[in-house]
Amino acid sequence: MGQARGLSQKKLAEALHIQQPAIAKMEKRTDMYISTLRSHIEAMGGKLEILASFPDGTVQINNFSDLG
């Protein structure tokens, strides 16, 4: 994830105030909490948006906006 933004695991770990091995472990996971994913994306300067795509259109999911 961080590599897509040009961030090393070390830099991302520093931004999240966690150890680098935790980043490596997280990047190998196939599932995680949405709040964890959001905090990682925000540490990279981004914003998590969840979209559901259907044949007749796309719907933005906002139910997770209050997760902390």
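User: I would like to start with helix α1: which exposed residues does the face turned away from its buried side carry?

Analyst: That face of α1 carries the exposed residues Lys-10 and Lys-11. Please keep in mind as we go on that this is a predicted model, and that every value I quote is computed from it.

User: How should I read the two sides of a helix, and which residues of α1 are the buried ones?

Analyst: The general idea is that an α-helix has 3.6 residues a turn, so residues three or four places apart point the same way. In this structure, helix α1 spans residues 9-16, and its buried residues are Leu-12, Ala-13 and Leu-16. They cover an arc of only 100° around the axis, which puts them on the same side of α1. The opposite face is the one that holds Lys-10 and Lys-11, both exposed.

User: What covers the buried residues of α1?

Analyst: Their cover includes helix α2, residues 20-28, and helix α3, residues 34-43. Directly after α1 comes His-17, which takes a positive phi of about 60°.

User: How do I read the packing of two helices, and at what angle do α1 and α2 pack?

Analyst: One looks at the angle between the axes and at their separation, and an angle from 65 to 115 degrees counts as roughly perpendicular. Here α1 and α2 pack at an angle of about 110°, with their axes 8 Å apart, and the two helices are therefore roughly perpendicular to each other. On the α1 side the contact is made by Gln-9, Lys-10, Leu-12, Ala-13 and Leu-16, while α2 contributes Gln-20, Ile-23, Ala-24 and Glu-27. By class, the residues of this contact divide into 5 nonpolar, 2 polar and 2 charged.

User: Where do α1 and α3 make their contact, and how do their axes cross?

Analyst: The axes of α1 and α3 come within 9 Å and cross at roughly 105°, and that makes α1 roughly perpendicular to α3. The residues that make the contact are Leu-12, Ala-15 and Leu-16 of α1, together with Ser-39, His-40 and Ala-43 of α3. By class, this contact has 4 nonpolar and 2 polar residues, with no charged residues. Leu-12 and Leu-16, which belong to the buried residues of α1, are among the residues that α1 brings to α2, and they also take part in the contact with α3.

User: Which residues are buried in α2, and which are exposed on its other side?

Analyst: The same way of reading applies again. In α2, the buried residues are Ile-23, Ala-24 and Met-26. Seen down the axis of α2, these buried residues fall within an arc of 165°, so they line one face of the helix. On the other side of α2, the exposed residues are Pro-21, Lys-25 and Lys-28. As for partners, the buried residues of α2 pack against α1 and α3.

User: Which residues of α3 are buried, and what covers them?

Analyst: Arg-38, His-40 and Ile-41 are buried in α3. Down the axis of α3, its buried residues fall within an arc of 165°, so they too line one face of their helix. What covers them includes α1 and α2. Ser-35 also lies in helix α3, but this residue is partly exposed, with a relative accessible area of 24%, and a residue counts as buried only under 20%. After α3 comes Gly-45, whose phi is positive, near 90°.

User: Where is Gln-60 found, and which residues does it touch?

Analyst: Gln-60 is found in strand β2, residues 57-61. Leaving out residues up to four places away in sequence, Gln-60 touches Glu-49, Ile-50 and Leu-51. Gln-60 and Glu-49 are 11 residues apart in sequence, and their C-alpha atoms are 7.3 Å apart in space. Gln-60 is partly exposed, with a relative accessible area of 40%.

How values were computed:
Residues are numbered from 1 along each chain as its sequence is written. This is a predicted model: local features need pLDDT of at least 70, side-chain atom pairs count only at pLDDT 80 or more; totals for chains, interfaces and linings use all residues. Side-chain values use heavy atoms; hydrogens and water are left out. Helices (H or I, at least four residues) and strands (E, at least two) are DSSP runs, numbered from the N terminus. Buried means under 20% relative accessible area, exposed over 50%, partly exposed in between (1.4 Å probe, protein chains only). Contact means heavy atoms within 4.5 Å. The arc is that of the directions from the helix axis to the C-beta atoms. Axes are lines fitted to C-alpha atoms, for helices over the stretch in contact, and angles run from 0 to 180 degrees between N-to-C directions. Angles under 35 degrees count as roughly parallel, over 145 as roughly antiparallel, 65 to 115 as roughly perpendicular and the rest as oblique. Ala, Val, Leu, Ile, Met, Phe, Trp, Tyr, Cys and Pro count as nonpolar, Asp, Glu, Lys and Arg as charged, and the others, Gly among them, as polar.
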